[in-house]
Amino acid sequence: MAVEQCWVDEPSSSSSPRMNGSLDKVNLFARVPPPFAFNSGFYGPGALGLTGLYNLGNTCFMNSAIQCLVHTPKLVDYFLGNFRKDLNYENPLGMNGKLAIAFGDLLRKLWTPGATPVSPRMFKSTISSFAPRFSGYNQHDSQEFLSFLLDGLHEDLNRVKMKPYIETKDDDSRPDEEVADEYWKNHLCRNDSVIVDLCQGQYRSMLVCPVCKKLSTTFDPFMYLSLPLPSSTLRKMTLTVLSCDGTTLPHPVVITVPDDGTFKDLVMALGEACSLRHNETFLIAEIFNNSILRVLEDPDDSLGLIRDNDQLVAYILPTEMDGSPLVVFMHQQEEKSFIHSSPSFKKFGIPLVTRISDFSKGSEIHKEFLKLLNPFILPVEESLNDASRKRAHEDEELEDTVPDGAANSNNETENDLDAHCSFEYYVENGKSHSNWSKIEMDEPVPIPIPKLNQQIDMIVSWPEKSIQEYDTSILSMLPEVYRTTFTSKWNQDSISLYKCVDAFLKEEPLGPDDMWYCPNCKEHRQAIKKLDLWRLPDILVIHLKRFSYTRFFKNKLEAFVDFPIDDFDLSNYVIPKNNMSCHRYKLYAVSNHYGGLGGGHYTAFAKHGLDRWFEFDDGRVFPVTEEQIKTQAAYVLFYKRI
């Protein structure tokens, strides 16, 4: 990751604002602070704690996590008091109390009256000595750092000096309440610190063998909840809907489907949007170069096969004609050329389709095509355009020179042609995709006996006169499935935080690399896992899993998560209903990540004792409104019990 500025010494308060990471990416997302942003502590009554942290070079991840923790009310009271009495110098899992001392000293500096931005250099040095991965000036994940910091503080402040060995008992079909209390009591016998008091909860984990149905239930502690962003985020798709009964014009319809859905989901959503009747069905086709490229038929096909720049048409066909050959009419018109003497033709418009069973005469084809064109007929006054007016004027000039009989003869001939057919039809002869046979009105259509559901492609050559009589511009209006714009990526449908909780607690099979050894089968099985919330802490930390990693690529999910600020109610998710504890929470801090994987920037929002929200952007601190708290950058949420 590129570093915009890497400071070795603390800068003066007059230094320019800092951003670490790739600056060109960060500026797309970071909000410009107001003119009253300050690079030092905010002086005024009750303004303790509004102090920034200097960026030592790609340490915004650390600054963001620290600011959220130092604005956790009960934790602040603890470290401003006599926390050293709980230091555990003998814990082999701890850091000899050094991490807790370094954090306590840093917190006290941030809450000193009239403080200027603080350098976290000594704190970072302490962290790096125990966790070398945080040494140097590389960017890291604020949640990963937070997890290490909370674990380290717990072990340094663990009041249990000698951890007893406790053997886990079998549940023996005992009530879950009894087993859960036993697990929690055993946990507290080995882990007793302010971090456990405030931040640790308990969930129930159930595994079911898919073969013998053996059930294994455990009750495990948690420090935070890592919630997945549901993969079935919604996707908007635009299709052109066209009824094949000749009654309505084509019109775009926008539907919403699961991003990881199937073609069946698309058909169901479209049917609901169009109020599809029981005697109607869809034929959905991808259009390319004014032809049907493919028909979407398999209901299990992934919607991921449909690209945003594809063009789809949903034809509504009567079910009573199912089985009859499907005739596809493609349109062409003569293209005027001043170079070539022979005429050339070009395709235009959306293909029209219908089912036809009678191929005895070409006139039957003509009749069905005219039926499809009914909605496109222009009113007489609109069809009399400049070209037709010009022809009318030319006819008036010729009246004196053409004998009456000849004029009448010409009119009769023209009327006969119009009555017969002004369109020319060509059908694919079946031998080659490049060979087409002309269809005569009084003769059978030159094709072999059609098969059931056979698709028969025809080309309709439009004369200039018909181009003027029908609204062919509507035929050529074909929107893409989704028109991508610069801002569309950041305006997706929001995901409720409750939906993230649902996804976290959803029953799902273990992965092939995480098989469970069934004590009954004596084999590793791909068990079904189910999590439930059992005991919630006073401080609930929620990590939104925006970053996903596979063997082949890394990705950041930019979905907007709509999280409650004043009343996050988890009462319906906690299993023991007789628990008298309150399960409603209020937001007090947020760790934000702006930008992508290749470069980015961390900031923090925190609610101060003055009941106002502030943004902490390294050394700068400035007030923000509550409406500004919810952004797509929200990464780690901090809630306190109401």
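Hi everyone, let's start with aspartate 86, which makes a salt bridge with arginine 159, their closest N and O atoms lying 3.7 Å apart. That pair ties together distant parts of the chain, 73 residues apart: aspartate 86 sits in the loop between helix H3 (73-80) and helix H4 (98-110), and arginine 159 in the loop between helix H6 (142-156) and helix H7 (176-190). By salt bridge I mean a side-chain nitrogen of Lys or Arg within 4 Å of a carboxyl oxygen of Asp or Glu; helices (H or I, at least four residues) and strands (E, at least two) are DSSP runs, numbered from the N terminus.

A word on the model: it is predicted, so local features need pLDDT of at least 70 and side-chain atom pairs pLDDT 80 or more, while totals for chains, interfaces and linings use all residues. Residues are numbered from 1 along each chain as its sequence is written, and side-chain values use heavy atoms, leaving out hydrogens and water.

Back to our pair: is aspartate 86 buried or exposed? Aspartate 86 is buried, at 9% relative accessible area, while arginine 159 is partly exposed at 31%. Buried means under 20%, exposed over 50%, partly exposed in between (1.4 Å probe, protein chains only).

Next, lysine 438 bridges to glutamate 424, again with N and O 3.7 Å apart. Lysine 438 is in strand S12 (residues 436-439) and glutamate 424 in strand S11 (residues 424-428).

Finally, please look at helix H14 (residues 464-469), where serine 466 lies. Serine 466 is buried, with 1% relative accessible area. In helix H16 (residues 497-505), the buried residues include Leu497, Val501 and Phe504. Thanks, everyone!
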